[in-house]
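Visitor: I would like to learn how to read a few backbone and packing features. Please take me through them one at a time.

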Amino acid sequence: MANSNLPRRIIKETQRLLSEPAPGISASPSEDNMRYFNVMILGPTQSPYEGGVFKLELFLPEEYPMAAPKVRFLTKIYHPNIDKLGRICLDILKDKWSPALQIRTVLLSIQALLSAPNPDDPLSENIAKHWKSNEAEAVETAKEWTRLYASGA
Amino acid sequence: MDSEDDMHDAHDMESLEDDDFYSGDTEEGAMDYYSDYDDDAGDYFDDADKIESRRPEQNFTILKESDIRVRQEDDIDRVAAVLSVSRVAASILLRHHNWSVSKVHDAWFADEERVRKAVGLLEKPVVQHPNTSELTCGICFENYPRSGIGMASCGHPYCFSCWEGYISTSINDGPGCLMLRCPEPTCGAAIGQDMIDLLACNEDKEKYARYLRRSYIEDNKKSKWCPAPGCEYAVTFDAGGGNYDVSCLCSYSFCWNCTEEAHRPVDCGTVVKWIMKNSAESENMNWILANSKPCPKCKRPIEKNQGCMHITCTPPCKFEFCWLCLGAWSDHGERTGGFYACNRYEAAKQEGVYDDTERRREMAKNSLERYTHYYERWASNQSSRQKALADLEQMQNVHIEKLSDTQCQPESQLKFITEAWLQIVECRRVLKWTYAYGYYLPEHEGAKKQFFEYLQGEAESGLERLHQCAEKELQQFLTAEGQSKEFNDFRTKLAGLTSVTKNYFENLVRALENGLSDVDANGASFSKATSSKNAAGSSKGRAGRGKGALRTNRTSDDTHWSCEHCTSVNVKSATTCQICNQRR
Ligand SMILES: [Zn+2]
Ligand SMILES: [Zn+2]
Ligand SMILES: [Zn+2]
Ligand SMILES: [Zn+2]
Ligand SMILES: [Zn+2]
Ligand SMILES: [Zn+2]
Ligand SMILES: [Zn+2]
């Protein structure tokens, strides 16, 4: 099985995620694959995503922690650094990854990205353009999407 | 004893200079063979050009692998000594400053603390582990005794197997591993070669060392690898001199600035434009590259297998023609007193040469036709050059030895043959680029264009003579059974042609690099001179060459004087006539 010789590090990280979860974040491993996590992040207060509950999937590849985890939004979200497939533009998931980082730090960084969108390093060209040309209107759209796609349940 | 040796040395020097002097004499002898070339086209290059054309001191150095190693180690030693830091630290500092010793020194002495922070050279650990017998690895979270844990200057603890994985991932990611930092994202402590050698597997250590060596060339603004495929030499270049041509020990010549093959007299921008143009037109040009054409007389396909453009169809036809324009050679050749004018696009077009075949008619679109003219000549000189390179090799490896036997000459006496071929290779290169130059000469600068085509035409015909002499006239001696009386005449002729062609091309390069600035001053007289030459081209015979017209024109300007004794035109600064040696 995929879970048979799970590295000690993954077991420890999982235990800690379950016993001391970070505020606004939950992550639990899937029952049949301990490398696959179901993640939920609450939209940060004072952001356009406030009140939303965003589902993500996180997968730890074979090379983890030498290689970064793979993370993707499952909930539709209007954000300049997240594309319509839910892929995330975040440096620590790419060239800035370090094996000293953890699942927890990755999820906290994603939460921070929701509070501070960065339209200068966009993944979604159109949303970024919208954000730069008319931020107020873009924020309204983001709120609208949060209401439509991320409102609990 | 010592002083006697010195005397010998001095004497040797003198005799060397004597040799030079005599070889200078041969050059003059060659003018007989080459008088056309030198006394009118040569005139256009005035004294100033000749002085400038002396090559500046060589401003590049070729480095072999061992040289690279020595230089890199020296630089590291120097920085380590001046800054009183370890060699590993010196190497990290140099890598971060593009291997510039002076930049490291400047930055360090301006603000050591800032530099240390930027490159990750810590003075003391950021975490300490007093009195703990066990430490937890920050990557695998396992506990290890202290002896099972490695740390950089910062003190962040990782087990050996995690270090190895971390380092290996980075090294296999590419040369970025030379800037490796501690795994802890908030730390930034540099991981140098000492850590690599301690913690990585052998394969990774070697890779790292190779990246470090390569970085010394690739990240250094003053050095580059030779771009020739398979060549492992590097070049360092010192700015100044205004000439970017570099020739590597592997015999490849390239431009330091743009790393395309050497392209004097054309500038880098023109080369880029021309190469892009070629790739845009490449489909249309494919047919041109086919190396066979029908004989213009008997229509049998002829394959060009010699370097020069003078083609003779196989018997019984034996028609002699020009490969480029398919016109009869008798209309080009020196024997008729005409001149080799195959570079002249306008003339060729008017004569209707381009309506020859169906295929060309399809390409009647004017711009493409114009481009085709230049491209074909550019490409022909390119392939002639390739052929000449192969011939040169054949000459060096096979023929020289054989000739040395049959002609009873030591090989050192046959150097003139290799020199001739080296010159042909270089001239083909220059001539090739003059076609890119010509293509981009503005149409409206009529006088400049005419002057350019005149110079190019002279260059072309001169080179054809040299190429033909080295290729065809040499042939008889290669097949000869024994010594031939004519061999010494051949030597004088070939050596003379080589030297005159060399001078002509050096001046040509200079003139084109100066943007043909001569024409601006003398535009009118040049256009007159060339047009009278043009007209003369069709009326055969020596007098018809238009020299008279040319001379009269030249004497009327104040940069030249006409010799009373032989009527030759001389540059103003010459006090004796260059042809008859009489005083002015
Ligand atoms: Zn470990
Ligand atoms: Zn550290
Ligand atoms: Zn080379
Ligand atoms: Zn260049
Ligand atoms: Zn024929
Ligand atoms: Zn021709
Ligand atoms: Zn004279």
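Visitor: Where does A:P65 lie?

Guide: A:P65 sits in a loop of chain A, between β3 (53–59) and β4 (70–73). Strands (E, at least two residues) and helices (H or I, at least four) are DSSP runs, numbered from the N terminus. This is a predicted model: local features need pLDDT of at least 70, side-chain atom pairs count only at pLDDT 80 or more, and totals for chains, interfaces and linings use all residues. Residues are numbered from 1 along each chain as its sequence is written, chains are lettered from A and ligands numbered from 1 in the order in which they are written, and side-chain values use heavy atoms, without hydrogens and water.

Visitor: Which peptide bonds are cis, and which residues have a positive phi?

Guide: Most peptide bonds are trans, and most residues other than glycine have a negative phi. The bond from A:Y64 to A:P65 is cis, with omega near 5°. The bond from B:R264 to B:P265 is also cis, with omega near 5°. B:P265 is placed in the loop between β9 (253–255) and α10 (268–289) of chain B. For phi, take B:N98: not a glycine, yet its phi is positive, about 50°. B:N98 belongs to the loop between α4 (87–96) and α5 of chain B.

Visitor: At what angle do α3 and α9 of chain B pack?

Guide: Helix α3 (residues 65–83) and helix α9 (residues 202–218) of chain B pack at about 85°, axes 10 Å apart. α3(B) and α9(B) are therefore roughly perpendicular (65 to 115 degrees; under 35 is roughly parallel, over 145 roughly antiparallel, the rest oblique). In contact (heavy atoms within 4.5 Å) are residues including B:I68 and B:R69 of α3(B) and B:L212 and B:Y216 of α9(B).

Visitor: And α5 with α6 of chain B?

Guide: Helix α5 (residues 101–110) and helix α6 (residues 112–119) of chain B have axes 5 Å apart, at an angle of about 115°. B:A107, B:W108 and B:A110 of α5(B) touch B:E112, B:V115 and B:R116 of α6(B).

Visitor: How much area do chain A and chain B bury between them?

Guide: Interface size is often given as the accessible area lost when the parts come together. The probe is 1.4 Å, and the loss is summed over both parts. Chain A and chain B bury about 980 Å², 64% of it on carbon and sulfur atoms. Chain A gives 11 residues to the contact and chain B gives 13.

Visitor: Which side chains meet in a salt bridge?

Guide: Look for a side-chain nitrogen of Lys or Arg within 4 Å of a carboxyl oxygen of Asp or Glu. Between chain A and chain B the count is one. A:R8 and B:E142 form that bridge, at 2.7 Å, N to O.

Notes
Buried area = accessible area lost by both parts, 1.4 Å probe. Axes fitted to C-alpha atoms, helices over the stretch in contact; angles between N-to-C directions.
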